[in-house]
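Open the model in your viewer and keep the selection tool ready.

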Amino acid sequence: MSKLQYQLSYWEYDSFLKNIDVAIIGSGIVGLNAAIHLKEQAPKLKVAVFERGPLPIGASTRNAGFACFGSMTELLDDINERGEDAVWQLVEKRWKGLQKLRQRLGDQAIQYKDWGAYELFQDHESDIYEACLEKMDDFNQQLRPIIGHPTVFKEESNAIPTFGFSNIHSLIKNQAEGQIHTGEMMKSLLQFAQSVGVMIFTGIQIEKLHYEPTIELVTAQSWKIHPKQLIIATNGFTHQFFPQLDISPARNQVLITSPIPHLKIKACYHYDRGYYYFRNIHHRILIGGGRNLAPAEETTSEFGATQLIYNALIELLQNVVIPNIPFEIEQQWSGILGVGKNKSPIIEEIHPNVVVAARLGGMGVAIGSLAGEEAASLIIG
Ligand SMILES: Cc1cc2nc3c(=O)[nH]c(=O)nc-3n(C[C@H](O)[C@H](O)[C@H](O)COP(=O)(O)OP(=O)(O)OC[C@H]3O[C@@H](n4cnc5c(N)ncnc54)[C@H](O)[C@@H]3O)c2cc1C
């Protein structure tokens with residue numbers, strides 16, 4: 001397809017693209033939160049967000065909508081890798097980020113449901129399940145001052161028949177997690193950003209960046225934009241600008257069923273140490289994950305689907321989630337995460353007046369609001 005190439009009119013340049021104080025590349029949850037925070041702190045700033053898609057097309061409009069801050073196996077794995085302090089600090093950020101998102105947009109707008117989350121354990125996972133039970137009191141104690149809930153984690157294997165699962169040995173419930181409607185959240189966030197005066201330009205792909213002597217963005221239409229400051233919030237696509245950063249794209253495939261009569265599941269669920277996840281939405285099941293089946297193939301910023309992962313997700317539905325219940329797959333899509341060896345986001349000034357805010361991993365719903373604000377604070381500071 002040929003690119004739409006044309007010269008800007010005097011009017012277009014003068015009113016929209018001239019004298020931009022802060023440009024933001026990427027209108028995902030991070031870019032929009034950065035823009036909102038800038039306008040809240042300094043309403044006179046001219047803040048413009050540039051998004052290559054007609055809608056944001058990365059992870060923010062394509063995720064599973066888990067308002068999550070850590071399942072027990074995830075926390076155990078993270079503590080082994082990074083130590084307790086780093087993990088509880090990140091959990092606190094995730095929790096605060098979720099509260100910020102809910103306060104800013106409202107639970108009704110984002111369709112927040114406090115139905116909790118469950119971690120499922122298979123028969124062969126009794127070791128890790130026992131390790132979780134052993135740590136449960138300790139984790140609850142650590143989480144009490146952060147979350148304000150007396151017992152976040154709770155053994156709840158007696159709920160297995162309630163949900164109708166097969167081939168599941170035990171369940172641990174996280175009582176403080178919830179779920180949102182991802183599309184409604186992003187729609188509200190876009191509207192909120194516009195209401196505080198953020199300009200959002202869609203269909204504008206930034207192809208080149210120059211920093212010297214001044215910042216210059218070159219778009220796919222060959223327009224040149226010269227903002228005073230810049231935030232790059234392109235998450236899994238950041239390697240196009242900064243290949244040296246430890247941020248890799250990671251594709252995540254998702255399926256959604258058609259409505260299932262008398263659906264029993266009603267929460268968010270983590271399976272196989274978080275490699276798979278599923279939830280209810282509008283009497284359907286949304287299910288995703290399986291990236292670990294083909295790590296090399298899924299390390300890509302190209303959208304798409306593979307038979308291998310499709311089959312694994314179908315098998316999980318048939319053998320565990322809704323055994324003996326007929327279903328059809330109504331839609332299939334993928335989204336691109338930004339991941340690295342370190343699980344924390346990168347939020348740093350990479351050149352004078354140029355800030356990167358990326359590598360949100362699988363927790364951007366929770367931490368995205370704060371990541372955006374931190375990036376904006378670096379710009380203002
Ligand atoms: C399938 C899936 C399920 C997930 N489930 C959850 C979940 O349940 N809970 C949770 O907390 N997190 C989840 N995540 C992660 C979460 O969605 C992300 O961490 C978060 O959305 C990242 O937001 P972002 O703004 O950093 O990036 P993105 O939303 O990816 O935004 C980056 C934007 O930059 C734009 N862009 C890229 N390059 C350019 C360019 N050159 N010019 C202009 N624009 C550009 C892209 O089009 C994109 O819109 C999931 C992710 C996926 C993919």
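**First stop: H3 and H4**

Select helix H3 (residues 72–82) and helix H4 (residues 84–105): their axes come within 7 Å and cross at roughly 135 degrees (axes are lines fitted to C-alpha atoms over the stretch in contact, with angles from 0 to 180 degrees between N-to-C directions; helices, H or I of at least four residues, and strands, E of at least two, are DSSP runs numbered from the N terminus). Show Leu75, Asp78, Ile79 and Arg82 of H3 with Glu84, Ala86 and Val87 of H4, which make the contact (C-beta atoms, placed from the backbone, within 7 Å).

This is a predicted model: local features need pLDDT of at least 70 and side-chain atom pairs count only at pLDDT 80 or more, while totals for chains, interfaces and linings use all residues. Residues are numbered from 1 along each chain as its sequence is written.

Stay on H3 and select its buried residues, Met72, Thr73, Glu74 and Leu75 (20 or more other C-beta atoms within 10 Å of their own). Their cover includes H4, strand S4 (117–121) and helix H6 (126–147). After H3 comes glycine 83, with a positive phi near 90 degrees.

**Second stop: the ligand**

Select the ligand, which 44 residues surround (C-beta within 6 Å); the closest are Gly26, Gly28, Gly58, Gly335 and Gly364. Helix H11 (364–380) is among the elements giving two or more residues to this shell, and its 4 residues are the largest share.

Notes
Two residues are in contact if their C-beta atoms, placed from the backbone, lie within 7 Å. A residue is buried if 20 or more other C-beta atoms lie within 10 Å of its own, exposed if 12 or fewer, and partly exposed in between; C-beta atoms are placed from the backbone.
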